[in-house]
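Look at the sequence and the structure below. The report that follows describes some of its features.

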Amino acid sequence: MRRILLVVTLAVLVSIAGCSGLGGETTDPSSDDEEPLDPSSDDNSTVDSDDPMTNATDANQSIRIEANESVAGSEWESLTVTYPRENFTVDSAQHGDILLGADTTGDGTADRTFNETHVSGVNNNDYSFTVELDTEYTLEAGDVIVAEYPAVDNPAEPGEYTVEVTLNEDQTANGTVAISGNETD
């Protein structure tokens, strides 16, 4: 039953993600007109919010980072996302609420998915979260790691915010999340 629920949830997320400009099981698309991530760049990740409005609470954040040579050949063990300390608030999330995957073919969909049985720990403070994993999955350069974390509160001010994404404590990249003003602004 859990496996069916996971498959249905991922299918819904893919459907929703396609409508919101995201692709794959859990994150941004690699559409035909989108520039591919450049593994040599420091800005080699994307971050998006399912509710990009100011002051939104418990927004689901989608993260995507392309593995480079610094993590190639190692097991996927962790993903850390750090938001600007003074702007975002990160709450705790249950293991089963975090969606994880790897796009190994570059087509924008997660070819490998991981569930709560692969999560050995979730740690957060007011402005970041770390998901510790036991996946037995060996990263290859070019794999796009995708994740969704469901408990981030957006800032009060609209703008573009730089978010740091770290894979296995060995590769760090920056992404930008855009926060819009409230409809009444």
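Is Asn68 buried or exposed?

## A residue in a loop

Asn68 counts as buried because its relative accessibility is 17%; buried means under 20% relative accessible area, exposed over 50%, and partly exposed in between, with a 1.4 Å probe and protein chains only. Asn68 lies in the loop between β2 and β3. Strands are DSSP runs of E with at least two residues, numbered from the N terminus.

The side chains of Asn68 and Ser70 make a polar contact at 2.5 Å. A polar contact is a pair of N or O atoms within 3.5 Å; within protein, one must be able to donate a hydrogen and the other to accept it, and residues adjacent in sequence count only if both atoms are side-chain atoms.

## Basis of the model

This is a predicted model, in which local features need pLDDT of at least 70 and side-chain atom pairs count only at pLDDT 80 or more, while totals for chains, interfaces and linings use all residues. Residues are numbered from 1 along each chain as its sequence is written, and side-chain values use heavy atoms, leaving out hydrogens and water.

## The sheet

An open sheet of 5 strands runs in the order β7-β8-β3-β10-β11 with antiparallel pairing; two strands pair if DSSP finds at least two bridges between them. Its edge strands, β7 and β11, each pair on one side only. Between β3 and β8 there are 5 bridges, and Thr82 has Ser128 in β8 as its bridge partner.

## The core

The largest nonpolar core has 35 residues; such a core is a set of buried Ala, Val, Leu, Ile, Met, Phe, Trp, Tyr and Cys residues joined through side-chain atoms within 4.5 Å. β9 gives the largest share, 5 residues.

Methods:
Helices (H or I, at least four residues) and strands (E, at least two) are DSSP runs, numbered from the N terminus.
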